[in-house]
Amino acid sequence: MTMNITRRHLLAGSAGLAVVAGLPAAAQTVTSINMLVPAAPGGGWDQTARTMQQVLAASGIAPTMQITNQGGAGGTIGLANFLNNQRGRADAMMTTGLVMMGAILTNKTPVNLSMTTPIARLTGEYQVLVTPARSRFNTLADFVAALRANPGAVPVAGGSAGGTDHITLGLLAKVAGADPTKINYVAHAGGGEAQAALLGNHVAGGISGWGEFSAQVAAGRLRALAIFAPQRLPGIDAPTAKEQGIDLEVPNWRGVVAAPGITDAQRQALLNTIDAMVKTPQWQEVLTKNNWGNLYLAGADFARYIEEENRRMTEVLKSIGLVN
Amino acid sequence: METLSQLATGFLVALTPINLLWAAIGVTLGTAIGVLPGIGPALTVALLLPLTFQLEPVAAFIMFAGIYYGAMYGGSTTSILLNTPGESATIITAVEGNLMARKGRGAAALATAAIGSFVAGTLATIALSFVAPSVVELALLFGPAEYFALMVLAFITVSALLGASAVRGLAALFLGLGLGLIGIDLQTGQARFTTLPGITADGTFGLVSYPQLLDGIGVIIVVVGLFAVGETLFVASRYRWGEQTINPLKGSIWMTREEWRRSWKPWLRGTAIGFPIGAMPAGGSEVPTFLSYFAERRLTKHPEEFGKGAIEGVAGPEAANNAAAAGVLVPLLALGLPTSATAAIMLAAFQSYGLQPGPLLFETRPDLVWGLIASLYIGNVMLLILNLPMAGVWVRLLLIPQPYLYAGILVFATLGVYSLNQSLFDLGILWVIGIVGYGMRRFDFPVAPTVVGLILGPLAEQQFRRAMSISQGDATVFLTQPIAASLLAIAAAVLLVPPALRLIKRLGR
């Protein structure tokens, strides 16, 4: 434990040095990063951080990245600690995403993502609606018609209540003209349980990221009715909702933010570092390997995106009755 | 026949010296983390994952499988000897196993656990090799209504754990059920019991909401708190300088002929209960240990020994949890469904190698799947070789003077729990629960029902509400689905028939 702390302090010091080392502003990057993963090892945010660690080290952009995991409550515990303890630290970053945004709203957390310094949205996966292979629903139109007629009779499986999958169903009901307050959402802990409910034909449909269902769709055990993406994606055998007349896009995005209270130059250095990382061939390689969509969006554009997305989430969570 | 030739190919892969080495590293590491309270196989595999990217996928998975099986073996050691289970799947082992150790039969308890784990692990691996696809289809028939009925059946087993006083046992059960309610409700996203009296931000006494409670109280924290911390405090409170009570080592350190005779049937029954429930996507590894303990208690020819250290109560549940561990691999390999934390991380590992488990994996990478399955057979043999001679060494732990031994347990329990989330709040909960555990021991409340309530309560509640949500509020769904109705009928029979028979006997007299 002691060794860890010492090393962290050393790393923090060296990052400070790198920032003031007087390189030309445009090319200035940081050489070491302290990354907080607000979830237990093994999940999506953890994989994102550990992948970044490998790419940044292998490409020589930032040879050292220290990762700390602090899970709990959809990432909001990590967020609160990040805001309190890392203020003004130029080398501190945290992984985040849509899941945290939903958790902030449903848990009524006093802290939120706008209090951080947004750096970049990196990857994402589009949400998809599937049915069991034996289902009576063959197209999105069939499904939406049943949803309009009686939302309660269409039980849909997904992750925890108020999470991305639940939000997607609420948005779908809203866009399709069904009553979002009456949807029958059956929450499951972890992707395996929701998939089992679908494979056993116990629910009418399921919503999650494409990666969760892709193997079952390929094996013909599940049918992908619609992917909520702007256009058809290479390697993904699913029609978009858009081409079936439902104008809805839901990317489950992941990104990184920096600590509050850092200077513009420090922020720019982090932006440069991440920009250099996403341009490496190694990063493109891991995107393909992990089936992650490239949703790179940096700086002020990302900050604006967070605000817009926050507005959309608040609205839909209100309409499904999880936020008042 | 085709399966046999593929399995033979698998052995060719697994028996290369380098893969044997990885299997040996895996089982040794697994045994070690099984012994340490709080540190489980899921966390270990997750932390090792980045290091293994340099390895061949086959080698990495052989090592992961070793860790997974090894942790199941190792967990029983501290349960039996020190009454401090390291995993929730071994709490039942602590009940009879620790009593055996106190009678001086600790080595025999360790041996029956190790051999039972070997028998169950091997039989379950054979089942995994030959019947995985059909088992998976059966397991998928279980929907929320069926799971709820299974949980009801599992609840009945608490009656076997209540101890001398039903009131005390039920109080312990309800404490667990109450703890299980804390946190965000999965179905509605609303927080329950997360606002408690405390010191508010302005320094006055009032209600405070704790965001740390939103995820609920982890089973492992409660297990380590009630058992390891509670036991330590209890031992410390009874300790007198100069009066060492060392558990006697009686008789042979090996199992006697009688102990063998009483162990083999529980091993087989435990396997038969553990494998199918482990293969169910929401079955879990704890439920089969509860059911196995209950079955052994009902079927034993030595009912007087239960509650005093009956070997059947160790042999059955230990076999059940190892068979369940193999069962979990059925949906993972056959469908790509992760149904435990370790399986979820192994799935992530498959994906980071660009592999997608599922029916297609058997076709695209037979060397990997069959190499992995073959390594499970080899891992089991290695674990037996590692654990059986170690039984004699492990029992010597009890010869360590108690102050050092229990100080060591406290250090490891604290480190283990802290490593879960790096949260001081968790340590606070651990200690509060530890003090409760001490009080329960002091006043003769059994602690096992609390853990049973904490595990089964939330499972039963969620499955019940899922079933009701899908049926749109129609409660007859539990009686109209054949599997659910049969399980509920069995539960009713187990609960009502013995007292009814006694009543008839008394009336007839």
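Two residues are taken to be in contact when their C-beta atoms, placed from the backbone, lie within 7 Å. What you have open is a predicted model, and that contact criterion applies to the packing at the first stop.

**Chain A: a covered helix**

Select helix H4 of chain A, residues 98–106, where nine of the nine residues are buried. The buried set consists of Leu98(A), Val99(A), Met100(A), Met101(A), Gly102(A), Ala103(A), Ile104(A), Leu105(A) and Thr106(A).

**Chain A: a strand pair**

Next, select strand S8 of chain A, residues 222–227, which is mostly covered, with six of its six residues buried. Bring in strand S4 (residues 117–132) of chain A as well, because the two are to be viewed together: five bridges join S4(A) to S8(A), and the strands run antiparallel. To see one facing position, display Val130(A), which stands opposite Ala224(A) of S8(A).

**Chain A: confidence**

Now colour chain A by pLDDT, for which the mean is 84, with 91% of the residues reaching 70 or more. Residues 1–26 of chain A have pLDDT below 50, and this stretch makes 26 contacts in the model beyond near neighbours in sequence.

**Between the chains**

Show both chains and select the residues through which they touch: 41 residues come from chain B and 42 residues from chain A. On the side of chain B, the elements giving two or more residues are helix H3 (41–48), helix H13 (341–352), helix H14 (359–364) and H18. Of these, H13(B) gives the most, with five residues. Coloured by class, this side of chain B shows 23 nonpolar, 16 polar and two charged residues.

**Chain B: two helices side by side**

Staying with chain B, select helix H9 (residues 219–238) and helix H18 (residues 448–470), whose axes come within 10 Å and cross at roughly 175 degrees. H9(B) and H18(B) are therefore roughly antiparallel to each other. Display Val219(B), Val222(B), Val223(B) and Leu226(B) on H9(B), together with Thr450(B), Val451(B), Leu454(B) and Ile455(B) on H18(B), as these residues make the contact. Sorted by class, the contact has seven nonpolar residues, one polar residue and no charged ones.

**Chain B: two loop residues**

Select Asn83(B), in the loop between helix H4 (57–82) and helix H5 (91–102) of chain B, where phi is near 60 degrees, a positive value in a residue other than glycine. Then select Asp444(B), in the loop between helix H17 (424–442) and H18 of chain B, which has a positive phi of about 65 degrees although it is not a glycine. Is each of them buried or exposed? Asn83(B) is buried, with 24 other C-beta atoms within 10 Å, whereas Asp444(B) is exposed, with 10 other C-beta atoms within 10 Å.

**Last stop**

Finally, select Ser486(B) in helix H20 (residues 482–508) of chain B. Ser486(B) counts as exposed because it has 12 C-beta neighbours inside 10 Å.

Notes:
Residues are numbered from 1 along each chain as its sequence is written. Chains are lettered from A and ligands numbered from 1 in the order in which they are written. This is a predicted model: local features need pLDDT of at least 70, side-chain atom pairs count only at pLDDT 80 or more; totals for chains, interfaces and linings use all residues. Axes are lines fitted to C-alpha atoms, for helices over the stretch in contact, and angles run from 0 to 180 degrees between N-to-C directions. Helices (H or I, at least four residues) and strands (E, at least two) are DSSP runs, numbered from the N terminus. Angles under 35 degrees count as roughly parallel, over 145 as roughly antiparallel, 65 to 115 as roughly perpendicular and the rest as oblique. Ala, Val, Leu, Ile, Met, Phe, Trp, Tyr, Cys and Pro count as nonpolar, Asp, Glu, Lys and Arg as charged, and the others, Gly among them, as polar. pLDDT is the predictor's confidence in each residue, from 0 to 100. A residue is buried if 20 or more other C-beta atoms lie within 10 Å of its own, exposed if 12 or fewer, and partly exposed in between; C-beta atoms are placed from the backbone.
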